[in-house]
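Hello,

Here is the structure we talked about handing over. Please take a look, then read the notes below.

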Amino acid sequence: MPDLSRPLQECLHAMDEKRNLQDVLRRYPADRQELIALLRLSADLGGLGGAPAADPAFRLRARNRMLATAADRHQRRWNRRVGLPRPVWRLTVAGACLATLMVASLTAAAASGSSLPGDPLYALKLGVERAQLATTFDSGARARLQLQFADVRLDEAQRLFALGRVQDGVRVMNEYDSAVTQFNQSIAASTLDTRTVDDLSRFMDDREARADASLKQIAGSLAASGDQQTAAAVSRTQSHVDQTLRGSKRDLQARSGSQSGDHQAKPAGGNP
């Protein structure tokens, strides 16, 4: 069993110093997949939100404990009479490493927030988003997250176009369109109370205005640079997104009116 203490330590230092984590992983090809799995999962859990800031002394103790655990894996050998079964031992070690890596993962999640497709930490960024959606069970809160992450894709597309990465920008623009469609489907399939409907309606109005401004700016910049074809594609995306969001708002307005009518009808039924 390999000694992972040194590569883990280097990965942690790379994340702390916001250096290229991929360069560190290349130096350990045999352990690369195991390291990536632990780092990604820890970043997913560390980015769930609501976690208090770790005390510096705790961070130091946690890191030292994780490194000691990783080194201990190299020294331990299976003992049929007194040892734990191998699957249980592996889960125990993974749990200890993961719990400690969560401290460092907060740094990695923050660093990945500004990453773009192709960057080493972009997979961590998407992992944090998936973890947040997977652990958000309130329909209204989940819908808000979906629209927020759609806006993240739009911001990424805008930055990619600005960098001249047109093909990547078009691809992420399509992902933005798909994310808005998923939001619309989520709204249609969710049971929402009146307060949530009103909150989502206001939230959508704000997001729609920002998205329109961003899409017009992207299309205008592309047209000014002579890329009329891509500019037209962005305009088509804007038209489709506007249509999708208008459908979501009509759905919400219909529910709000229906629920208000129900509330007004109930007292009349109860007081003949």
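**Confidence, then packing**

Across the protein the mean pLDDT is 74. Of its residues, 62% reach 70 or more. Residues 47-55 also fall below 50. That stretch has seven contacts in the model beyond near neighbours in sequence. Where pLDDT is low, the predicted coordinates should not be read in detail.

Now the helices. Helix α7 covers residues 139-162, and helix α9 covers residues 194-224. Their axes come within 11 Å and cross at roughly 10°. Angles under 35 degrees count as roughly parallel, so α7 is roughly parallel to α9. On the α7 side, the contact includes G140, L147, D151 and F161. On the α9 side, L200, M204, R207 and I218 are among the residues involved. By class, this contact has 11 nonpolar, six polar and four charged residues.

R144 of α7 and F203 of α9 both belong to that contact. R144 lies over the face of F203, 4.1 Å from the ring centre. As for aromatic pairs, a search of the whole structure finds zero.

Best wishes

Definitions and conventions: Residues numbered from 1 in each chain as written. Predicted model: local features only at pLDDT ≥ 70, side-chain atom pairs only at ≥ 80, totals over all residues. Heavy atoms only, no water. pLDDT = per-residue confidence, 0-100. Contact = heavy atoms within 4.5 Å. Phe/Tyr/Trp six-rings, centres within 6.5 Å; stacked < 30°, edge-to-face > 60°. Lys NZ or Arg CZ within 6 Å of the ring centre and 35° of its normal. Axes fitted to C-alpha atoms, helices over the stretch in contact; angles between N-to-C directions. Helix = DSSP H or I, 4+ residues; strand = E, 2+ residues; numbered from the N terminus. Parallel < 35°, antiparallel > 145°, perpendicular 65-115°, else oblique. Nonpolar A, V, L, I, M, F, W, Y, C, P; charged D, E, K, R; others polar.
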